Amino acid sequence: MPVTFFIATIILYFAGTGFFLAYLLRRSEALSQVSLGVTAVGFLTHTLALLTRMLEAGQVTLASFHEAMSFFSWALVLVFLFVEIRHRIHVLGSFILPLALISLLSAAALPKEVPTLEPVLKTVWVHVTLSMLGTVGFAVAFVAGIMYLIQDGLLKSKRFNVLYSKLPPLDFLDRLNQQSIVMGFPLLTVGIIAGAFSAEFARGSYLSWNPEQLWALVTWLFYFVVLMGRLTVGWRAKRAAYLTIIGFAGVVLTFIGVVLKAHGGVA
Amino acid sequence: MAASHERIPTVHRMNIIAVGLSHKTAPVEVRERLAVPESRLGEALHRLCGYQGIKEGVLLSTCNRVEVYAVVDDVEAGFARVQEFLADTHLSLSSEQLTPHLYWHTDGRAIGHLFRVAASLDSMVIGEPQILGQLKDAFEASLTHKTSGVVLNKLLQKAISAAKRVRTETKIAETAVSVSYAAVELAKKIFSNLSEKTVLLVGAGEMAKLAAKHLINNGVQRVMITTRNPQGAIELAQRFNGTSIPFDEFRRAMAEADIVLCSTGAAHYLIRAADVEEAVRRRMNRPIFLIDISVPRNIEPAVKDIDNAFLFDIDDLEMRVEQNREERRREAVKAEGMVEEEVAISLQWLKSLDVTPTIVALRKRAEDIKQAEIDKVMARLGHLSPQERSAIEGLASAIVNKLLHGPLITLKAEAHSAGSSMYVEAAKRFFGLDTDQSPAATPAEPALARSDKREAAPVAALKQNVPGGEPEQKRA
């Protein structure tokens, strides 16, 4: 059952991405409703995929990389639907859906069996959930940053094309960027602390100073500086857009490193 | 039975004509003499409908067009009467002088013209919103003076609703087609909520004042004004409900201004890149939107390269306007298609107003009801002798025929009269012959209730304002 739902979700997100990209390039607004509908149904099957997997396993299945990536994709779409309902910025879907699809495809590429966890790691899902939710915040900030830079560039070069007409006002994108970080950062912080406690519980030390953990701390510190810079010395607008794009690139690289190391592979 | 063999009179239907002139066919010297001021509209309408053969009339008079829509018995005579009427509106005009400027449409073409005018497809600036309001005023006047009847009332309502459909389903009126409004449109792509924003008006150029007015209409609440002549700033501040700022201090005020509108007669750069850099720094990188409507320019072009500062000059705004015009023309093609659809629907309705099909429909309806009731009663009574059967059938036929006698005679008698369409419409409503739906199957009540509501509220509907659009042209 979970596999069927999972495959259905991939197909629906694929269609949603296609419709949203077509919507982005066409003058008409007509496609937005189709794109939204497909995405909403995809979100539903995705929710069912996650729930049925947990029911079958009889535990909270949020420990493996597959589970983490699938959850990340799900939460990303959830945030998109939330912003969409509140602000009716359809074009956000044209940027978020591809990201959600990529995450889901990478989840599909990772080993899908439910991991058998040692009893001491039973609560590791708290760490995974919070860290992933924090990362979703950074992902949305990243998307807002890209959209900001595009709109800024179009305004500066006076190219009033279809994209210009569809993208929301600059200050909306800047605010979305800020709010995503403000929400994501504390979640990630608590997530990292939860992870440290889990590690201490399982292995007896909070930090083992391996490269991934160091990278994670560097990322955390980076976003801390970005957030403080915005709140105190006006690191907003274009600068904030650049910084959050760089930050998210760091997050993605960290994750790839961790996955490659864990699964042997080429690394 | 006997009824279906009776000769049904073929009745010629009423004709709709549109006669007039517009900015496309007549110079302003002719238009201004023909225009009827609002105060004399009632008198003009009564004069129009006083002519022999004109059953209904509506007069649309704006600074860009003067048009008569009328329902007439005979097209040629109608054209002549309306031309006479138009020539009579002004002493210095003769019928011959008018002829080269007039256009003449009948029936489908006339309705099409009305719909295109209402949808602002015939306007000087395509998509401008004023014309719809003017048409509503003209309609209201004809309702007040009772010069329009069943036909024109319905057509004008249809024209107005078709125009609204065009406005909501196409982008024909969405974009700015004036330089001052283009500034507002750009501001909305930088700031999502103009009501929290502050405007600094530098200089008192007309275009900048107009842009400031548009910005205020779009929510801007705080306005700062500076002019080289301090008295001018104070006067403007009163007008815009803003604050005046000494001219030599306005560069400092830029730190508080989200939007700077610059339009002075100065021959040099008043705002230099360094000033804007300083303002952006003090604004902690909050974006600043600068509009330079002065020629020669008053804001140094290098400002374009400063992050979080967005500078647009008159050429940029004009380019935007030209692009929007292009967009409107594209949307107009879509709108033409919609208008055609709506005209077809109205023509269908018009056809149904003919007496002949109404008589046929009425008979068919009566026959259907009769047959259904007979079948019902026969089924209930079981076996009957042929005599009994024919007695029941005879009874039903007699009732139906006696009941229909009056309406049918009246319809035939009124077929050639001025009020024929009214009787047809009444018959259709009384007997539920609404041709919009399959006539026999639908019960009469819902159809009645719906059209009642529609008819009862034409004036109320008229009061609604045209949504959206830019308040660019002055009302004629």
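**Figure 1. Domains of chain B in the predicted model.** The assignment divides chain B into domain 1 (2-169), domain 2 (179-318) and domain 3 (354-442); such bounds come from an automatic or database domain assignment. Between the C-alpha centres of domain 1 of chain B and domain 2 of chain B the distance is 46 Å. The model is predicted, and local features need pLDDT of at least 70, side-chain atom pairs count only at pLDDT 80 or more, and totals for chains, interfaces and linings use all residues. Residues are numbered from 1 along each chain as its sequence is written, and chains are lettered from A and ligands numbered from 1 in the order in which they are written.

**Figure 2. The open sheet of chain B.** Four strands, in the order β2-β3-β1-β4 (chain B), make up an open sheet with antiparallel pairing (strands pair if DSSP finds at least two bridges between them; helices, H or I of at least four residues, and strands, E of at least two, are DSSP runs numbered from the N terminus). The edges are held by β2 (54-61) and β4 (103-106) of chain B, each with a single partner strand, so one side of each has no neighbour in the sheet. On average, neighbouring strands of this sheet are turned by 15° against each other, direction ignored (axes are lines fitted to C-alpha atoms, for helices over the stretch in contact, and angles run from 0 to 180 degrees between N-to-C directions).

Figure 3. Seven bridges join β2(B) to β3 (residues 65-72) of chain B in the antiparallel sense. In β3(B), V68(B) stands opposite L59(B). Helix α4 (residues 75-88) of chain B packs on the sheet and touches β1 (15-22), β2, β3 and β4 of chain B; the direction of α4 makes about 35° with that of β1(B). Helix α8 (residues 150-169) of chain B lies across β1, β2 and β3 of chain B, at about 35° to β2(B).

**Figure 4. Contact between chain B and chain A.** Chain B contributes 16 residues and chain A 14 residues to the contact (C-beta atoms, placed from the backbone, within 7 Å). On the side of chain B that touches chain A, α9 (179-190) and α14 (314-352) of chain B are the elements that give two or more residues. The residues of this side comprise five nonpolar, four polar and seven charged (nonpolar: Ala, Val, Leu, Ile, Met, Phe, Trp, Tyr, Cys and Pro; charged: Asp, Glu, Lys and Arg; polar: the others, Gly among them).

**Figure 5. The two domains of chain A.** Domain 1 (1-113) and domain 2 (123-267) are assigned in chain A. In contact are 18 residues of domain 1 of chain A and 20 residues of domain 2 of chain A. α3(A) gives the most to the side of domain 1 of chain A that touches domain 2 of chain A, with seven residues. That side has 17 nonpolar residues, no polar and one charged.

Terms used. Two residues are in contact if their C-beta atoms, placed from the backbone, lie within 7 Å.
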